[in-house]
Amino acid sequence: MHTIWMREHNRLASELRQINPIWDGETIYQEARKIVGAEMQHITYTHWLPSIIGPTGMNMLGSYQGYNPMVDASISNVFATAAFRFGHSLINPVLQRLNYNFTSISEGPLPLHKAFFSPWRLVEEGGVDPLMRGLFSVPAKLKTPHQTLNSELTERLFEVAHEVALDLAAINIQRGRDHGLPGYNAYRKACDLREAETFDDLQYEIRNEKLREKLKHLYGHPGNVDVWVGGILEDPVPGGKIGPLFRCILVEQFRRLRDGDRFWYENPSVFKPEQLTQIKQSSLARVICDNGDNITEINQDVFVLPKHQNPQLVKCQTLPAINLRFWTECCHVNIFMNIRGCVDERFKSLSRSLVGRQRRAINYSYPSDRHSSFAEQSNSNATINSNPRLDGINEDLEVQGGTEDSMHFSDVYEERIEGLERMLEDFKKEMRQLKRKVKKLEQHCKIGDTSKSKSCVEENGTLRRNEETWSPDECTQCSCKVLACDFLE
Ligand code: HEM
């Protein structure tokens, strides 16, 4: 997947360079990176998350209401150390590798323990396509009461690189303790689920009786259960892949990641509306198609098995794709100036900063972002009137000398002000031209202001005299009234 996304970045960058030959490398890189990030957010939240947290989880998450600077978007301990590790229960012990007609390649499937630390296989055993086909057309591991993680992960993890193989389940439990995570019951309480006094209290979340007995045997009391263990053993919620506890933790984390992110792809200051519409065309299926070596057919929703879709597979070209035409720099219509042809560089930065990106709440800013600490750090006589890292033309920034950073920002702002000044000059020039045109029209009007020219022209071309009245149909009465030319005043 890393290879696929790296290629997607380069694919976008090449296309952006073609349509915007005036862009420099940095601009191309940053714009491609921004689009890839947006695609990932769109795919994760719109296509993937619903099948993990189910429809109720999506309702709990709610729709995007805009950036909230009071929301902390950082990752919680319990999310990283326990809840999001639910993914470990989805891993198959064997990676299927399929050729173009979805049968196994000659080298056969790859046991997981042989897949790690062997990048050469990617080069010598068919490239990325066979692995991709295996991932999008073969089901994930089914969690059973007898086996939550497959034994490749618990008995043979990284055995190629370690003298003694690792055990991912043991690592997760140990990592939770090492991070000081409270137990399963404590998080149940935090998530408004009833605290369990006996293991039978868990009968609605962990329906398998033998499993509850096993837990009782190992932990004695529900209050002792590790949060990763309790959470991963819960039965999945309807339409989802995780139980109610992990759903609660995921919903909270994914909401904060979205609402507390100034650069969230749907935040109106990040993309232009027409660009956002394009981003929303993206899908993981199309990304795989565009960046595989030769993938021509795929299931439209790669998170659902082909057999559950109709048609099962579609041709890659039929899938919606992002049209980068909306990133073409010279396509801005300048409403003020009626500019013919391309708009040059200065309008590019202006069009972006005109929207004005919102600031992060100062409480949640990094210390180095804050005015006072930045000024303290500076060993010069720099005077900073606002957060130097923030974008936007409205920010006041006065720098006399200063650190390398402050010099850089000063340069950027100077450049923008120069751009604005040039634009203002052009605007004045255009105004002068328009005034001259108006004057000419006035003169023309005066010359033609004879009784002969006092006439109206109907839409169908019929000429009507001033003050003439007529009825085009039974219900309409029209009259011609020629206004005096001095209306131009
Ligand atoms: C072949 C597949 C995978 C393997 C071999 C694997 C293995 C590992 C290992 C060895 C760690 C470090 C554990 C530690 O030292 O605490 C880890 C961490 C983690 N894994 Fe996986 N993992 C796999 C797939 C997944 C998936 C599919 C997900 C989620 C959907 C996931 C979520 C996580 C998370 C959230 C962490 C903690 C990351 C952090 O806080 O730094 N993993 N994984």
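**Notes on the model**

1. D129 counts as buried because its relative accessibility is 6%, where buried means under 20% relative accessible area, exposed over 50% and partly exposed in between, with a 1.4 Å probe and protein chains only. This is a predicted model, in which local features need pLDDT of at least 70 and side-chain atom pairs count only at pLDDT 80 or more, while totals for chains, interfaces and linings use all residues. Residues are numbered from 1 along each chain as its sequence is written, and side-chain values use heavy atoms, with hydrogens and water left out.

2. D129 belongs to helix α6, which covers residues 128–137; helices here are DSSP runs of H or I with at least four residues, strands are runs of E with at least two, and both are numbered from the N terminus. Setting aside residues up to four places away in sequence, D129 touches L98, G292, D293, N294 and I295, a contact being heavy atoms within 4.5 Å. The C-alpha atoms of D129 and N99 are 7.5 Å apart, although 30 residues separate the two along the chain.

3. H9 sits in helix α1, residues 2–19, and counts as buried because its relative accessibility is 14%. Beyond residues up to four places away in sequence, H9 touches Y29, A32, R33 and V36.

4. H88 is found in the loop between α3 (77–81) and β1 (94–95). Leaving out neighbours within four places in sequence, H88 is in contact with L149, L153, L168 and N172.
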